[in-house]
Amino acid sequence: MDLTCIIEGQIIKRDPETFSTPKGNQGVRFEIRRQPRYRNAAGEWVDGKTEFYDITCWGALADNVLASFKRYDTVIVTASALYAQESGGYAHLKVTASGVAASLRFGNVTPERKERIANAAVRTPDGEDLPVHPDDAWATAIPAPPPWPQPDPLPRGAAARGRPAPLPPPSRLHGDVP
């Protein structure tokens, strides 16, 4: 049985930083703080006890986190493994992240997708760089067709037989045609 936990919090203390294991694998770690709010019996909002999470990322996720986030950013972390450790009277939960995303609760984000380079290396979660082979499905992918079918033109005289006129092509809706 797999445990998956989702945590939203603010990166504190410092920007995400890189580290290396004794075997040479590189990762990124950072700490987030979460302070839950709830309503008490009187119906007033109350701040809960602050929770701290030490997040560790590996592989391409680590590279993307390092390039994307800094101190005070609010993130959403999908945890694939976690364990507790006490430190200074507070419980620090150690988390291995399987995904990290920007939270839109307090700000906006402009997503940016990296271009895939032919014959480039791909970093595995273990930190190993593997070459991309030409038979890789993504290296030879073609764009998907539009999500809706294009309307068929009606035969001449169709409007005269009581059929509605065809709709304009969907490309006008998206600003492709001036």
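**Fold and confidence of the predicted model**

Along the sequence, the protein follows the pattern β-β-β-β-β-α-β-β-β-β, which amounts to one helix and nine strands. Helices (H or I, at least four residues) and strands (E, at least two) are DSSP runs, numbered from the N terminus. The model is predicted, and local features need pLDDT of at least 70, side-chain atom pairs count only at pLDDT 80 or more, and totals for chains, interfaces and linings use all residues. Residues are numbered from 1 along each chain as its sequence is written, and side-chain values use heavy atoms, with hydrogens and water left out.

The mean pLDDT (the predictor's confidence in each residue, from 0 to 100) is 76 for the protein, and 61% of the residues score at least 70. Confidence is highest in strand 2, at a mean of 92, and lowest in strand 8 (residues 121–123), at 66.

Strand 1 (residues 5–20) and strand 2 (residues 26–34) run antiparallel and are joined by seven bridges; two strands pair if DSSP finds at least two bridges between them. Serine 20 has glutamine 26 of strand 2 as its bridge partner. Five residues lie between the strands of this hairpin, where glycine 24 takes a positive phi near 100 degrees.

Of the 178 residues in the protein, 21% are buried (under 20% relative accessible area, with a 1.4 Å probe and protein chains only). The protein exposes about 13700 Å², of which carbon and sulfur atoms supply 54%; accessible areas come from the Shrake-Rupley method with a 1.4 Å probe. Among contacts (heavy atoms within 4.5 Å) between residues at least 6 apart in sequence, 50% join residues at least 24 apart.

How values were computed. Buried < 20%, exposed > 50% of the residue type's maximum accessible area, 1.4 Å probe, protein only.
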